[in-house]
Each structure stands twice: as structure tokens, then as C-alpha cells.
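Hi,

Here is the structure I promised you.

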Amino acid sequence: MTLSVRAQAEERMDAEDLPADVLAAVLADLAQVNTVTMAARPTLGFLKRAVGDRRSFRLLDVGFGDGDMLRRIARWAQRRGVAADLVGIDLNPNAAPAARAHTPPAFDIDYRTGDYAALADEPWDVVVSSLVAHHMSHAQLVDFVRFMDANARVGWFVNDLHRHGFAHWGFPILATVAGWHEIVRADGTLSIARSYRPAEWPPILAEAGVTGAVVQRVFPFRLCVAKIR
Ligand SMILES: C[S@@+](CC[C@H](N)C(=O)[O-])C[C@H]1O[C@@H](n2cnc3c(N)ncnc32)[C@H](O)[C@@H]1O
């Protein structure tokens, strides 16, 4: 498969008829992928810069999946004594029950089902997402960037994959060795092919009318976009 243009095929995890127990298993393995590939590091680094000396913040995680990023953020805030009002929204109605099952009640994370666009009337300090941008069409991604820029008072962060040949070649090997679900292996490889390259982001930001955002590659294979006001 050539990686010179983004792949357009649909991922199996997005199928509407995927049984709830299969999605839960896929999301749990995806949370392991996130741990092994140090996916939380760039988001937490962004939060540290964005939150600064504030003693509280309200954050929305779009497409929370298993909820692992929100749990990492909850621990991060607890350690710093910062009050974090954490909300996640995911289109898939089977994501919230899976995330709740993996979340200790003490974390008090508000997992919701639906499209992020329904949350424009609420006050957000920070909007983040991880592995979500590549699930969107071009038009959907431009709308999403506009939403974040219009609604995140302090800043926003897109944490996604980098369309890179080495990652595309290596991920299925890692997934096989780790014994991750076959949907994670197939979708993960496709996700890399569906994701972006650094030079592709500035035109998206320009089309969305956004200035002041920074595109950054993060080791090993993440491509992140950050804006802090
Ligand atoms: C690959 S999963 C990522 C899960 C998790 N963030 C992670 O990093 O493992 C992408 C998730 O985004 C959700 N999603 C896609 N478009 C969305 C939208 N417009 N609003 C809310 N959730 C969305 C999907 O339902 C899916 O659960």
C-alpha cells in the first residue's frame, strides 16, 4: 500500500453492528497500545503548558474510547491538587459503558454518548482528542478544528498518528507479538495509513480560519496539533 495519499477505507471498529463486547475488547486493547506507545505523554505535556498555574479547569475529550486518556488526566490533576471537571463524548453508544467499567468511581468522569458538536453551548477550558482526527472526513475535520477554536477558552490539542512508513510496517508486528485483538491489528495499521503528515495540517488550519496553532511530531509516531491562547 502506498502512503503518499491518505487511505479512505473504513475501520472495522466504526461498524454500527459491532457487538458491544467486541468493541469493549478492542477499546481495552487500544488502551494498552496507548500505554506501550506512550500516547498520553504529549497530551499531558500540552495540559501542563495550557493549565499553567490555574487551580481548576474543565476539559472535554472527544472520542474517549476506553476512557484511558481521561483517567490519565484525572491522575495527573490529582497529583497536582488541581480540580479537574472531566467530560468525554463518544459517538459510539457502547463506548461509555466500556469506559465506565474501567474507571474507579473516585475519578468522577462524565462519559457521554453523542457527537461533540452538541456540546458547543457548554463552557470548556480545554478540548482534547486522541486517535480521532483520522476518523473524520476532510470537511468533518475542518468543522472539528473550528469547534475547538471557537469553544476552548484556554486551548485545544489534537493527538493523532503520523502517516509514516516505518510505523505502518512495524505496527502489525508489534500487535501480533503483543497478542492484541485482530481488529486492533487491522484497524491500527489502517489508521496509520488514514492519518496525516505534518505538511497536510497547515492547509486544514487555514481552511478552518485558525491561526497560532503548532503542528508537532512526537516520538515515536504521533502527530499533534496544539493551540494555547
Ligand atoms: C480510534 S477511537 C480512539 C479512542 C481513544 N481516544 C484512544 O485514543 O484510544 C476513535 C473514537 O472516536 C469516536 N468519534 C469519532 N467521531 C466522533 C465525533 N464526531 N464525536 C464523538 N466521538 C467521535 C469514535 O466513536 C471512536 O470511539
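Searching the whole structure turns up twelve salt bridges, meaning a side-chain nitrogen of Lys or Arg within 4 Å of a carboxyl oxygen of Asp or Glu. Before the details, a caveat: this is a predicted model, where local features need pLDDT of at least 70, side-chain atom pairs count only at pLDDT 80 or more, and totals for chains, interfaces and linings use all residues. Residues are numbered from 1 along each chain as its sequence is written, and side-chain values use heavy atoms, with hydrogens and water left out.

One of the salt bridges joins Glu122 to Arg58, with 2.9 Å between the closest N and O atoms. That pair ties together distant parts of the chain, 64 residues apart: Glu122 is in the loop between β3 and β4, and Arg58 in strand β1 (residues 56–62). Strands here are DSSP runs of E, at least two residues, and helices are runs of H or I, at least four, numbered from the N terminus. Arg58 is buried at 15% relative accessible area, while Glu122 is partly exposed at 24%. (Buried is under 20%, exposed over 50%, partly exposed in between, using a 1.4 Å probe and protein chains only.)

Asp110 pairs with Arg112, closest N and O atoms 3.0 Å apart.

Asp143 is partly exposed at 42%, as is Arg146 at 40%.

On the surface, Lys48, Arg72, Arg75, Arg79 and Arg80 make a patch of positive charge. Patch members have over 30% relative accessible area and no salt bridge; like charges are joined within 9 Å, nonpolar side chains (Val, Leu, Ile, Met, Phe, Trp, Tyr) within 5 Å. Helix α3 (residues 68–80) gives the largest share of the positive patch, four residues. Arg79, in that helix, counts as exposed because its relative accessible area is 61%.

There's a nonpolar patch too: Phe166, Trp169, Ile173 and Val177, with about 490 Å² of accessible area together. Ile173 belongs to helix α6 (residues 165–178) and is partly exposed at 45%.

Finally, an unreviewed UniProt entry puts "domain: Methyltransferase" at residues 60–146; such annotations may be inferred rather than shown by experiment. The span is 33% helix and 25% strand, and its end C-alpha atoms lie 15 Å apart.

Cheers

Notes
Areas by Shrake-Rupley, 256 points an atom, 1.4 Å probe, with all protein chains shown as cover. Lys, Arg positive; Asp, Glu negative; His and termini not counted. Charge placed at Lys NZ, Arg CZ, Asp CG, Glu CD.
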